[in-house]
Amino acid sequence: ADSSAADVSNEDVRRLTPARKSVVPDVMQQAADRSRVIGAEGARVQIFVISDYQCAECRAWYSTVLPELRRLYLDTGAVRLTWVHYPLRTHPNTVRAASAALCAGAQGNDKFWAASTRLFERQAQWLTVVDPSAILDSLMLEVGVEPFALRSCTSSRRMFRQIRADIDWVDRANGKGPLTVMIGSRRIADGGNLASVRSALDSALALAR
């Protein structure tokens, strides 16, 4: 009740019997979950970015800070980054935007990040429309996803459970919502600033040696 996040369903929408749902992994959700991670599995430091696709600070971080972190830390294998969805209840279309990105990501890691780029760059196209589904699907198609699988995923709200899991994780971790940058369970002060993030990462890497 105290959460600022949107109310997102945790329903398993797969067409399986309840008994089967409880024992059969959702491989699409697992693929989508992997797709929003950058960096080596054996990285010494884990960083989490809590974001909302309508958040202006998140958009700025994505376009300016993330490329530098990729070059300096993520591509070297030292740091592993996970993009965490926290759609605010005051941003009604952002849940579907996150769902679209994860549905794209289920078709390949590069698809999630290309989809996220489209969503941030084209915010004005989908933010205020009553039903953004068609616009969001068209943006996802631009990154080369298979159309039938995408629409089946988005229309069924298959990825809502992953978004719900992200929200619950943030609330348990006291992550405070977007934009928040965390190293492990510790929030980085001024996480929107590249210099602050680099300083925090360098300190964490020094301790992890």
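Analyst: Two strands count as paired if DSSP finds at least two bridges between them. The model is a predicted one.

User: In which sense do E2 and E4 pair, and over how many bridges?
Analyst: E2 spans residues 45-51 and E4 spans residues 180-183. Within E4, Thr-180 is the bridge partner of Ile-50. E2 and E4 pair in the antiparallel sense, over four bridges.

User: What is the strand order of the open sheet?
Analyst: The sheet has five strands and mixed pairing. Its edge strands, E1 (37-38) and E5 (186-187), each pair on one side only. The order is E1-E3-E2-E4-E5.

User: Which residue of E3 is the bridge partner of Ile-38?
Analyst: E1 and E3 (residues 79-85) run antiparallel and are joined by two bridges. The partner of Ile-38 in E3 is Leu-81.

User: Which residue in the turn between E4 and E5 has a positive phi?
Analyst: E4 and E5 run antiparallel, joined by two bridges. Met-182 has Arg-187 as its bridge partner in E5. The two strands form a hairpin with two residues between them, and the residue with a positive phi, about 60°, is Gly-184.

User: Is Thr-180 buried or exposed?
Analyst: Thr-180 touches Phe-48, Val-49, Ile-50, Gly-175 and Arg-187, leaving out residues up to four places away in sequence. A polar atom of its side chain lies 2.4 Å from the backbone oxygen of Gly-177. The relative accessible area of Thr-180 is 8%, and the cut-off is under 20%, so Thr-180 is buried.

User: At about what angle does H3 run to E3?
Analyst: Helix H3 covers residues 56-74 and lies across E1, E2, E3 and E4. Its angle to E3 is about 160°.

User: Why are the buried residues of H7 on the same side?
Analyst: The buried residues of H7 (133-141) are Leu-136, Asp-137, Leu-139 and Met-140. They sit on the same side of H7 because they cover an arc of only 160° around the axis.

User: Which helices do the buried residues of H7 pack against?
Analyst: Four partners are listed, with H4 at 94-105, H5 at 109-121, H6 at 123-126 and H8 at 147-156. The helices are H4, H5, H6 and H8.

User: Which members of the largest nonpolar core touch the most other members?
Analyst: This core has 63 residues. Tyr-53 has contacts that include Trp-83, Phe-112, Leu-119 and Trp-126. The members asked for are Tyr-53, Trp-61 and Trp-83.

Key. Residues are numbered from 1 along each chain as its sequence is written. This is a predicted model: local features need pLDDT of at least 70, side-chain atom pairs count only at pLDDT 80 or more; totals for chains, interfaces and linings use all residues. Side-chain values use heavy atoms; hydrogens and water are left out. A nonpolar core is a set of buried Ala, Val, Leu, Ile, Met, Phe, Trp, Tyr and Cys residues joined through side-chain atoms within 4.5 Å. Buried means under 20% relative accessible area, exposed over 50%, partly exposed in between (1.4 Å probe, protein chains only). Contact means heavy atoms within 4.5 Å. A polar contact is a pair of N or O atoms within 3.5 Å; within protein, one must be able to donate a hydrogen and the other to accept it, and residues adjacent in sequence count only if both atoms are side-chain atoms. Axes are lines fitted to C-alpha atoms, for helices over the stretch in contact, and angles run from 0 to 180 degrees between N-to-C directions. The arc is that of the directions from the helix axis to the C-beta atoms.
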